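Subject: The model we talked about

Hello,

Here is the structure, with the sequence alongside.

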Amino acid sequence: MSGSKSMREALEKAGVEEQLQHQKEKEKVVPKEKEAPVPAYKKDVEPPPDAREIQVVPNRTDTYSYPYLYASVVPEDPPSPLELAGWYIYSFCSYFVLTVLVPVLFPLIITQIAFPASDLSSSAVLSIKGHSCSQREMALYTRLIKHSISIAGSRLSPLNWAAISWAVGLILTAPLLAHTARHLDRGQHQSLILIAAISAGSFACLLTGFFKTFWLFPFYIVIIIGGFIIADAAHTRSLGLLVRGLTAHSNGRQLILRRRAAAARLALHGAAAGGVGSALISAFVYHMLRRSDQLTGLWVVSIFSGLIWFIGICHGLFSNRPGVSNSPRIGAASTNDGSSFSRMSYAFVLFNYPHAIGSLGSGFLGAFASMCIFTSGVLYVTGGLCMKPVLVLCLWMLYFLFPTIILPVMYPIQLFIRADAVKMQLLGFMVSAFAAGAGFYFKNHRWGAVQVILVVMVQSAASGLLQAFGRVLLLDCAPAGKEGAFGCWLAWVRAAGALLGFAVGSASPGHVGGAFGAAFLGSFLGLVVLVFGNVSNLGGLESAGHVKVEEEKRQSVHGADKAGEVAIEERESYGRPRV
């Protein structure tokens with residue numbers, strides 16, 4: 001009896017304790033679950049303009065993101081229509097600097113100063129390639145190629161003197177780019193840098209005719225080349241920020257497609273606008289060459305070119321996107337270190353990205369091939385074929401205006417075939433190789449109007465494609481916040497490639513064999529760099545942090561990229577069967 005009683009008391013005690021514990025658990029207050037942060041693309045209120053901290057867009061299957069592609073981007077405000085208009089205006093106002101102003105106009109002005117028309121003898125009547133050329137048609141061409149400038153025992157032609165001045169400008173500008181790159185990416189006054197560079201170059205255009213001496217032309221061209229390179233670097237950086245602003249709320253495959261479409265639209269239409277500006281300056285050069293006082297007329301063209309270029313400050317007035325030093329998450333020590341070593345190391349940050357190095361090489365070769373064909377072609381139709389000046393003007397108009405038709409047409413074609421910047425550059429190099437190869441093959445034949453027009457149209461389209469997508473490819477390889485450093489390299493390398501093409505194209509005036517052969521070799525090397533250098537658009541986006549691919553899906557994505565599209569199964573994303 002006593003054992004059963006003690007057992008009953010123990011059970012009752014255990015039951016009471018269990019009830020008390022159960023009651024305590026009911027009385028506990030369940031803490032409120034912490035709400036997940038709302039993604040930037042789901043907020044109704046846009047972040048303030050100065051909020052530029054790095055934000056990783058999560059991989060969420062309940063949004064429009066895809067299972068294994070997600071972005072790591074720096075949010076940018078979408079551009080306004082006025083900002084886009086400023087970007088296009090600068091393309092219109094600056095493209096002619098390296099296509100007409102330096103390689104065409106300045107050699108003509110140097111010719112008028114170094115070798116006046118009154119010094120031309122009657123023996124200047126020439127016969128080249130079986131064409132009988134009158135003195136009036138060949139007078140300017142003869143003075144342009146004549147080695148009439150004596151320097152240290154050597155005699156140079158106006159073309160050689162312009163090339164030397166161009167080279168000096170590149171050499172003196174290179175050290176400035178180390179400072180410029182850091183200020184573009186980390187500073188707060190990018191618009192002032194752009195406006196100052198444009199103003200300096202435009203002012204130098206006004207001075208070309210004040211003093212009638214060719215010794216000052218290196219000084220003028222140095223300022224113009226330096227101003228153009230710095231302004232073009234700021235222009236390229238602005239394109240990268242505009243593209244990020246247009247694709248700020250995209251993710252996964254949608255980010256890739258929208259970025260490709262936005263960058264191609266801006267670059268293609270910008271190149272087309274630049275062709276219109278070059279055609280305008282070319283027509284003005286032809287008009288002033290018909291005057292009796294050609295030197296004064298060409299000086300007027302130079303002044304007009306400076307004024308047109310100065311209008312490009314609208315790009316700086318309509319937009320100012322400061323660098324990432326505003327971000328509170330970036331340490332001041334890492335961004336405000338003003339040591340020379342820090343500036344130099346930042347300028348060479350591009351060489352940490354292999355895809356960017358390949359795109360830089362293709363940009364150099366594209367500029368070389370385009371300028372080589374242009375320079376040698378102009379000299380050939382003038383001195384080799386003895387074409388009348390009005391026909392040369394028509395060829396200039398065709399060369400600069402045909403891209404305004406073909407480049408906008410290429411935009412929907414690119415979207416339809418889903419071609420990225422690498423494939424479009426390959427197309428540009430192949431077309432340029434065709435034009436150069438045709439010119440080299442028929443170098444000993446008499447070119448008719450049909451052959452000349454065909455080469456001009458084909459090469460103009462190739463030059464526009466290389467100009468537009470060379471910039472797009474490099475920006476795809478540029479990490480967010482470093483577009484300025486990458487833009488400095490692209491601007492300088494393109495100017496160097498154009499200089500080499502100008503020097504090779506003008507080495508044998510009137511003979512296109514060597515120049516067109518060199519251009520064909522440059523185009524072929526461009527294909528080799530892009531194909532065998534493993535330059536990939538998707539790889540550049542991934543290495544720059546714009547897109548990240550999970551390791552287990554990396555191989556399939558790269559395989560799809562090589563096939564021409566990013567293969568993402570809709571069934572995996574939405575749960576619907578494929579059609």
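Which residues have the most contacts inside the largest nonpolar core? They are Phe106, Trp166, Ile224, Trp309, Phe469 and Phe486, in a core of 143 residues. By nonpolar core I mean a set of buried Ala, Val, Leu, Ile, Met, Phe, Trp, Tyr and Cys residues joined through side-chain atoms within 4.5 Å. Buried is under 20% relative accessible area, exposed is over 50%, and partly exposed is in between, with a 1.4 Å probe and protein chains only.

Phe469 touches Ala264, Leu268, Gln414, Ala421, Met424 and Gln425, leaving out residues up to four places away in sequence; a contact means heavy atoms within 4.5 Å. There is also a second, separate core of 5 residues, including Leu255, Ile256, Leu541 and Val547.

Before going further, a word on the source: this is a predicted model, where local features need pLDDT of at least 70 and side-chain atom pairs count only at pLDDT 80 or more, while totals for chains, interfaces and linings use all residues. Residues are numbered from 1 along each chain as its sequence is written, and side-chain values use heavy atoms, with hydrogens and water left out.

How confident is the predictor? pLDDT is its confidence in each residue, from 0 to 100; the mean for the protein is 79, and 74% of the residues reach 70 or more. Helices here are DSSP runs (H or I, at least four residues), numbered from the N terminus.

Now the cysteines. A search of the whole structure finds 0 disulfides, a disulfide being a pair of cysteine sulfur atoms within 2.5 Å. Cys477 is buried, because its relative accessibility is 0%, whereas Cys394 is partly exposed at 45%.

Another cysteine, Cys386, sits in the loop between helix H13 (354–384) and helix H14 (389–401). Its relative accessible area is 9%, so Cys386 counts as buried. The phi of Cys386 is near 55°, which is positive in a residue other than glycine. Most residues other than glycine have a negative phi. Arg418 also has a phi near 55°; this arginine is in the loop between helix H15 (403–417) and helix H16 (421–441), and is partly exposed at 32%.

Last, Ser543 lies in helix H20 (residues 537–544) and is partly exposed, with 33% relative accessibility. A polar atom of the Ser543 side chain lies 3.1 Å from the backbone oxygen of Gly540. Beyond its neighbours within four places in sequence, Ser543 is in contact with Tyr353 and His355.

Best wishes

Note on methods. pLDDT = per-residue confidence, 0-100. Helix = DSSP H or I, 4+ residues; strand = E, 2+ residues; numbered from the N terminus. Polar contact = N/O pair within 3.5 Å; in protein donor to acceptor, adjacent residues only side chain to side chain.
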